[in-house]
There are 2 protein chains.
Amino acid sequence: MINIGIDVGGTNLKAGVVDSEGRILHTKKIPLGPWQDGDYFMNQLCTLAEEAVKEAGFDKSEVSSVGMGFPGAVNDETGVLTYITNIPVSGYPLREKFQQRWNVPVHLGNDANCAALGEYYAGAGRGSRSLVVVTLGTGVGGGIVLDGKILAGSNGTGGEVGHIVIVPNGDQCNCGRKGCWERYASATALKRMTVEAMNAHPESLMWELTGGDASKAEGYTPFDAARQGDAAGAEVCRTYIDYVALGAANLVNIFQPEVLAFGGGVSAQEDLMEPLAKRIAEEDFARNAGVASVKVTRCSLGNDAGIIGAALLGK
Amino acid sequence: MINIGIDVGGTNLKAGVVDSEGRILHTKKIPLGPWQDGDYFMNQLCTLAEEAVKEAGFDKSEVSSVGMGFPGAVNDETGVLTYITNIPVSGYPLREKFQQRWNVPVHLGNDANCAALGEYYAGAGRGSRSLVVVTLGTGVGGGIVLDGKILAGSNGTGGEVGHIVIVPNGDQCNCGRKGCWERYASATALKRMTVEAMNAHPESLMWELTGGDASKAEGYTPFDAARQGDAAGAEVCRTYIDYVALGAANLVNIFQPEVLAFGGGVSAQEDLMEPLAKRIAEEDFARNAGVASVKVTRCSLGNDAGIIGAALLGK
């Protein structure tokens, strides 16, 4: 038997045919296209799933479930789309409509939560019972999986780990709060800190690395500079890692998961994980209790995690 | 059938005979006494449970389970005490030893988690599927119950909601971190803020309310003063409520529980809950998604919560 996972993005719909171990056997991508209405959207999703199955050489009767991950809040109990960012489909009973066309078990999830579920079963969390995923990208996202169950909250909007305030009256966040972790631990924040450090340090190697143009600074710039002995670059890395560790240790003290995995662009930095894991360990409430401590690691599935997790929503 | 719940404190052991609805039918308390060893401790617990059953007019055969809540980390899967604050019993296989004397299902839990479980089934969370409890006492404690299951973490030390840092490099906490929520939202913190405000405001009514002795300031002092129009008192209340709301909204954004309940001495303040609930609602990530928002309320079981929750650990 196979499962279908669909990652619903603002631009593309990407489906994967996934086996019960979480391996992707085939993928198919189509553009979301101009928005029409809920029924049109449902038919896009259904046709995409059917064609992916066919292209992979399977029959629809071999499909155990179709799972979909959305950028927003969904209700997997009722099968209704609650609130999807940039897609005006609030309140659409997707499962009911989908099943009128193809009567297969249908599951709905949040995309970040699906990615965490994928990592739980087939990636960084494989073999563990609890996993917290933190994604260091444009924002700070994440997902929490406990005993195989996604922590979605009673209203489908739980797991917003980037929107815990760590600096009272700090930087204004898009969510409306001030001082959210996302404002200090995202790739966006890292770039902002880098530019600030460059402006404060005309002697920094970071100027050379960006060809004298601070607008070309990237998240890797301070790491590259620090590796070559640049003090200002090293200071940016230290400050950034302290902020990431602060919020991550908050999550550890709440969840004490078996595994804490970092994803997103910044997590690829080779000089990040070791000092980060060390800082988290220093702030782990459990460190004095003589108990097992969390394993800090990288996510391992990359962009496939969302499809795999969506496919395994019904597991 | 009945369940026995035992609340293990540093001074007393208190057992309750509890029915399946979480009602306490009888309680019995004995002193912990001078420490001897694990077996002596186990025999104390077992004798206490047996006597409570007898005094309540039941027979041991009518007992479904015996649950115990400890001030520390336990492992309910193995039945071993991991690390108990102030009781040198780490590694003691309590369930196995207890059952050699009385072969009944035995469950172990953390005391704060047991209190949350009690509130979940029989108190503030009754009828809901997810509950976060925050206790505003000497420290800030808490417990999280999701679908009837305590979030204890993979090593039994999860749910330490007081030890999330909300002020980078803030006040030194006993846990080793700096700037923990507990340092700003506990009754201890409220008293500290009150004394600071009194020293800064010789004109404050709070001096009169404490008979001119700042060491007599209590958590209710600024609330009493504010009610009588004292500006300094009102400012302490506002600052304190902001800190409580900050950490509470962090928990809401992570868990989106159906119910968030406050316990501990400070929660009894009549002027606390309304402004606190308002501030939390303002910082709730879900407020823009058109979904149900968390119900903010008081814990309702008081000191009985721990016994009731321990009794229902096996439910």
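## Worked exercises on a predicted two-chain model

Leu136(A) stands opposite Val140(A) in strand S9 of chain A. The model is predicted. It scores ipTM 0.93 and pTM 0.94. Chain A averages a pLDDT of 95, and 100% of the residues score at least 70.

### Exercise 1. Strand S8 of chain A

Solution: 

1. Begin with S9(A), residues 140–146.
2. Look at the link. Three residues form the hairpin that joins S8(A) to S9(A).
3. Turn to S11(A), residues 259–263. Thr135(A) stands opposite Gly263(A) in S11(A).
4. Ser130(A), Val132(A), Val134(A) and Leu136(A) are on one side. Leu131(A), Val133(A) and Thr135(A) are on the other.
5. Check burial. Both faces are covered.

### Exercise 2. Helix H10 of chain A

Task: Find how many residues of H10(A) (304–311) are buried, and name elements that cover them.

Solution: 

1. Take the residues in order. Asp304(A), Ala305(A), Gly306(A), Ile307(A), Ile308(A), Gly309(A), Ala310(A) and Ala311(A) are buried.
2. Draw the conclusion. Eight of the eight residues are buried, so H10(A) is largely enclosed by the rest of the structure.
3. Identify the cover. It includes strands S1 (2–8), S2 (12–19), S3 (24–31), S4 (63–70) and S7 (106–110) of chain A. Helix H3 (111–122) of chain A is also included.

### Exercise 3. Helices H5 and H8 of chain A

Task: Describe how H5(A) and H8(A) cross, and which residues meet.

Solution: 

1. Two packed helices are described by the angle between their axes and the distance between the axes.
2. Apply them. The axes of H5(A) (187–200) and H8(A) come within 10 Å and cross at roughly 145 degrees. The crossing is right-handed.
3. List the contacts. H5(A) brings Leu190(A), Met193(A), Thr194(A) and Ala197(A). They meet Ala232(A), Glu235(A), Val236(A), Thr239(A) and Tyr240(A) in H8(A).
4. Sort them by class. Six residues are nonpolar, two are polar and one is charged.

### Exercise 4. The contact between the chains

Task: State how many residues each chain gives to the contact, and which element of chain A gives the most.

Solution: 

1. Count each side. Chain A gives 38 residues and chain B gives 38 residues.
2. Find the contributors in chain A. Strand S6 (80–84) and helix H8 (231–255) each supply at least two residues. H8(A) gives the most, with five residues.
3. Classify the chain A side. It has 18 nonpolar, 15 polar and five charged residues.

### Exercise 5. Leu151 of chain B

Task: Is Leu151(B) buried or exposed?

Solution: 

1. The open sheet has five strands in the order S10-S9-S8-S11-S12 (chain B), with mixed pairing. S10 and S12 (295–298) are the edge strands.
2. Pair S10(B). S10(B) and S9(B) (140–146) are antiparallel over two bridges. The bridge partner of Val145(B) is Ile150(B).
3. The cut-off is 20 or more other C-beta atoms within 10 Å. Leu151(B) has 23, so it is buried.
4. Name the contacts. Beyond four places in sequence, Leu151(B) contacts Ile144(B), Leu146(B), Gly158(B) and Gly159(B).

Note on methods
Residues numbered from 1 in each chain as written. Chains lettered and ligands numbered in written order. Predicted model: local features only at pLDDT ≥ 70, side-chain atom pairs only at ≥ 80, totals over all residues. Contact = placed C-beta atoms within 7 Å. Helix = DSSP H or I, 4+ residues; strand = E, 2+ residues; numbered from the N terminus. Nonpolar A, V, L, I, M, F, W, Y, C, P; charged D, E, K, R; others polar. pLDDT = per-residue confidence, 0-100. Axes fitted to C-alpha atoms, helices over the stretch in contact; angles between N-to-C directions. Left-handed = near helix turned anticlockwise from the far one by under 90°. Buried ≥ 20, exposed ≤ 12 C-beta atoms within 10 Å, placed from the backbone. Pairing = 2+ DSSP bridges.
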